[in-house]
Amino acid sequence: MGLPEERGRSSSGSRGQEEAGAGGRARSWSPPPEVSRSAHVPSLQRYRELHRRSVEEPREFWGDIAKEFYWKTPCPGPFLQYNFDVTKGKIFIEWMKGATTNICYNVLDRNVYEKKIGDKVAFYWEGNEPGETTQITYHELLVQVCQFSNVLRKQGIQKGDRVAIYMPMIPELVVAMLACARLGALHSIVFAGFSAESLCERILDSGCSLLITTDAFYRGEKLVNLKELADEALEKCQEKGFPVRCCIVVKHLGRAELGMGDSPSQSPPIKRPCPDVQIPWNQGVDLWWHELMQEAGDECEPEWYDAEDPLFILYTSGSTGKPKGVVHTAGGYMLYVATTFKYVFDFHAEDVFWCTADIGWITGHSYVTYGPLANGATSVLFEGIPTYPDVSRLWSIVDKYKVTKFYTAPTAIRLLMKYGDEPVTKHSRASLQVLGTVGEPINPEAWLWYHRVVGAQRCPIVDTFWQTETGGHMLTPLPGATPMKPGSATFPFFGVAPAILNESGEELEGEAEGYLVFKQPWPGIMRTVYGNHERFETTYFKKFPGYYVTGDGCRRDQDGYYWITGRIDDMLNVSGHLLSTAEVESALVEHEAVAEAAVVGHPHPVKGECLYCFVTLCDGHTFSPTLTEELKKQIREKIGPIATPDYIQNAPGLPKTRSGKIMRRVLRKIAQNDRDLGDTSTVADPSVISHLFSHRCLTTQ
């Protein structure tokens with residue numbers, strides 16, 4: 001896509017000493033001189049030249065890449081227009097405004113009819129149980145997407161409508177999102193681990209007129225009655241004056257009774273019997289997916305829409321406690337995820353790619369669905385978890401499908417490290433060529449284990465930094481080209497212009513530490529917060545006018561490598577999922593026993609960060625193990641299991657400034673039993689601090 005290409009494949013080998021210094025300050029690691037790069041991946045010098053061009057001449061650089069895609073009508077005016085400075089007017093970003101396209105057409109129809117890869121496998125589906133597998137080709141996927149597009153049209157869904165999707169990792173999830181994209185309707189996918197309350201909140205915020213869900217599914221040993229949760233969410237919507245008129249339900253656990261196991265384009269019957277599962281049904285609202293599909297035609301003309309028309313909404317936690325509906329548009333997002341996928345993973349036509357992320361997160365949108373399909377890739381779609389039925393599940397799947405490129409989270413790596421090398425090394429993994437990490441900075445110890453054990457010291461690791469808001473990779477190594485440092489996000493991708501600012505907003509040169517910002521737009525950047533552009537401007541552009549503010553701290557070393565140091569605002573990164581402290585605090589104080597709550601992050605050996613909560617009780621209530629469990633249950637119901645705190649401490653008082661602001665900096669020190677508090681002269685009541693130290697929870701790290 002716009003870069004020089006030759007054929008060939010990287011010999012992604014590596015040997016030599018690896019050392020990690022304290023605090024992630026790892027020494028440089030690089031492949032030995034004889035390792036050849038793939039022709040896809042430019043040399044480091046060439047990469048720097050191309051990167052400079054992409055930043056200095058973004059219109060020409062991305063214009064060349066845009067020629068690789070189909071546009072119904074070309075861009076009639078400026079290729080790029082934007083304003084990043086709130087002092088000069090409204091923030092806006094427009095790439096190729098006026099050009100018309102359809103992302104579904106680009107990732108399916110063109111692959112089938114122009115590139116002639118209709119018979120190529122698009123997805124190998126691996127169910128929760130090892131015996132549950134199927135595959136779906138590009139042609140079969142196109143047919144199903146057209147059928148479901150016709151289903152949605154019959155239900156009145158049109159361009160610009162919002163559709164909520166609340167499903168596990170099954171092929172129908174991909175079909176549903178692509179059908180929305182085909183019609184120009186915005187999909188709003190809600191992770192199936194979220195609570196009914198979270199689903200309701202997202203449906204209300206975006207005004208979704210239709211919900212797509214599943215009867216039930218297993219996550220490991222746990223049965224999740226998703227339809228029950230969906231009904232609870234729709235009931236809450238009804239109570240708040242927003243009835244959702246239609247809910248389409250996939251019969252996933254009940255496939256066996258449908259006899260759907262013989263079709264290669266349908267997921268097979270679930271082998272685990274579940275006779276006691278009662279699926280609630282609401283006449284007049286609920287419709288079975290399979291019945292609607294039987295009546296639908298298999299051809300559907302795509303809706304052609306502007307490159308700047310919205311493609312989807314995806315909610316991410318906000319520091320105010322209310323999730324933000326991040327909006328991505330069709331044209332720029334398509335260019336960016338296709339390009340990042342191709343170069344960061346050194347994609348070749350014969351690869352089998354596996355991103356373990358759930359499609360409910362941005363990683364799943366960009367690198368399970370749109371990025372791989374835009375490149376005509378074969379991917380693995382995995383419904384299960386890394387530890388079921390045993391802790392070697394991931395590596396058995398790698399061998400089963402001969403996975404060449406593997407992309408997962410540091411959380412999963414740290415989790416599996418606990419079980420030692422044997423569950424990994426008993427599997428071949430000989431097919432692996434590139435490993436990737438996503439979701440949070442990876443600690444050097446986990447990086448080295450991933451490289452040494454999983455990659456057998458021959459696979460480069462692409463440690464990628466990006467956000468829901470950025471749409472795709474921002475800082476990343478390129479495999480076989482970039483000398484790596486364990487734990488470093490390395491260098492900016494094409495079109496990305498990072499800077500590090502101090503508190504005064506001044507750009508720092510050379511070695512520096514401060515706020516990570518970006519100076520100009522890239523095609524995949526979000527365009528707004530759904531229904532609240534003012535919040536978009538305030539969150540990302542107000543603190544430092546002229547820059548996109550990531551909210552992350554960052555250090556740049558003497559070699560120009562970037563090291564993400566964590567969230568600067570009140571956000572937590574738990575197992576790669578961003579959580580707002582305000583959102584968790586809000587859930588805690590809804591309990592009748594809690595007068596006030598403060599939540600901070602605490603280091604965790606597996607999750608990276610976990611929640612440590614301080615609660616001040618109302619008069620007449622007693623802190624007890626029972627209350628602790630009630631509070632954890634309340635958070636699970638309000639937000640979801642991922643937000644369950646590891647620690648809840650009774651706090652008769654909280655350290656506050658004289659103006660009443662809670663000093664979370666001090667609370668983080670207390671949670672970690674670190675008595676080096678720095679300046680506490682502004683604390684209104686210093687005795688509170690000593691009490692909290694003496695009653696802190698016993699933590700594991």
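Aspartate 109 touches Cys104, Glu114, Leu142 and Arg182 when residues up to four places away in sequence are not counted (contact means heavy atoms within 4.5 Å). The model is a predicted one, in which local features need pLDDT of at least 70 and side-chain atom pairs count only at pLDDT 80 or more, while totals for chains, interfaces and linings use all residues. Residues are numbered from 1 along each chain as its sequence is written, and side-chain values use heavy atoms, with hydrogens and water left out.

Aspartate 109 lies in helix H3 (helices, H or I of at least four residues, and strands, E of at least two, are DSSP runs numbered from the N terminus). With a relative accessible area of 8%, aspartate 109 is buried (buried means under 20% relative accessible area, exposed over 50%, and partly exposed in between, with a 1.4 Å probe and protein chains only). Its side chain makes a polar contact with the side chain of arginine 182, at 2.9 Å. A polar contact here is a pair of N or O atoms within 3.5 Å; within protein, one must be able to donate a hydrogen and the other to accept it, and residues adjacent in sequence count only if both atoms are side-chain atoms.

The N-terminal end of H3 is capped by asparagine 102, with a side-chain oxygen 2.8 Å from the backbone nitrogen of cysteine 104. After H3 comes lysine 116, whose phi is positive, near 60°.

The nonpolar residues come next. In soluble globular proteins, nonpolar side chains tend to be buried together. The largest nonpolar core has 121 residues, and those with the most contacts inside it include Leu141, Phe148 and Ile212 (a nonpolar core is a set of buried Ala, Val, Leu, Ile, Met, Phe, Trp, Tyr and Cys residues joined through side-chain atoms within 4.5 Å). Apart from this core lies another, of 30 residues, with Tyr124, Val424, Ala446 and Trp447 among them. Leaving aside neighbours within four places in sequence, isoleucine 212 is in contact with residues including Phe148, Leu152, Ile165, Ile248 and Trp289.

Charged pairs form another part of the picture. Side chains of opposite charge can pair when their charged atoms come close. Across the whole structure, a search finds 28 salt bridges (a salt bridge is a side-chain nitrogen of Lys or Arg within 4 Å of a carboxyl oxygen of Asp or Glu). In one of them, lysine 405 pairs with aspartate 351, the closest N and O atoms being 2.9 Å apart. Lysine 405 lies in strand S18 (residues 405-408) and aspartate 351 in the loop between helix H10 (330-344) and strand S16 (352-355), so the pair ties together parts that are 54 residues apart in sequence. Both lysine 405 and aspartate 351 are buried.

Lysine 67 and aspartate 64 also meet through their side chains in a salt bridge, at 3.5 Å from N to O. Here lysine 67 counts as exposed because its relative accessibility is 66%, and aspartate 64, at 27%, counts as partly exposed. A further salt bridge joins the side chains of lysine 669 and aspartate 674, at 3.2 Å from N to O. Salt bridges that share partners join Arg53, Glu57, Asp64 and Lys67 into one network.

An open sheet of 3 strands has the order S30-S31-S32, with mixed pairing (two strands pair if DSSP finds at least two bridges between them). Strands S30 (594-604) and S32 (647-650) stand at the edges, each with a single partner strand, so one side of each is left without a neighbour in the sheet. On average, neighbouring strands of this sheet are turned by 25° against each other, direction ignored. Strand S31 (residues 608-617) pairs with S32 in the parallel sense over 4 bridges, and cysteine 613 stands opposite isoleucine 648 in S32. Helix H17 (residues 581-589) packs on the sheet, touching S30 and S31, and its direction makes about 140° with that of S30. Axes are lines fitted to C-alpha atoms, for helices over the stretch in contact, and angles run from 0 to 180 degrees between N-to-C directions.

Finally, glutamine 634 belongs to helix H18 (residues 625-638) and is buried, with a relative accessible area of 16%. Its side chain reaches the backbone oxygen of alanine 587 at 2.8 Å.
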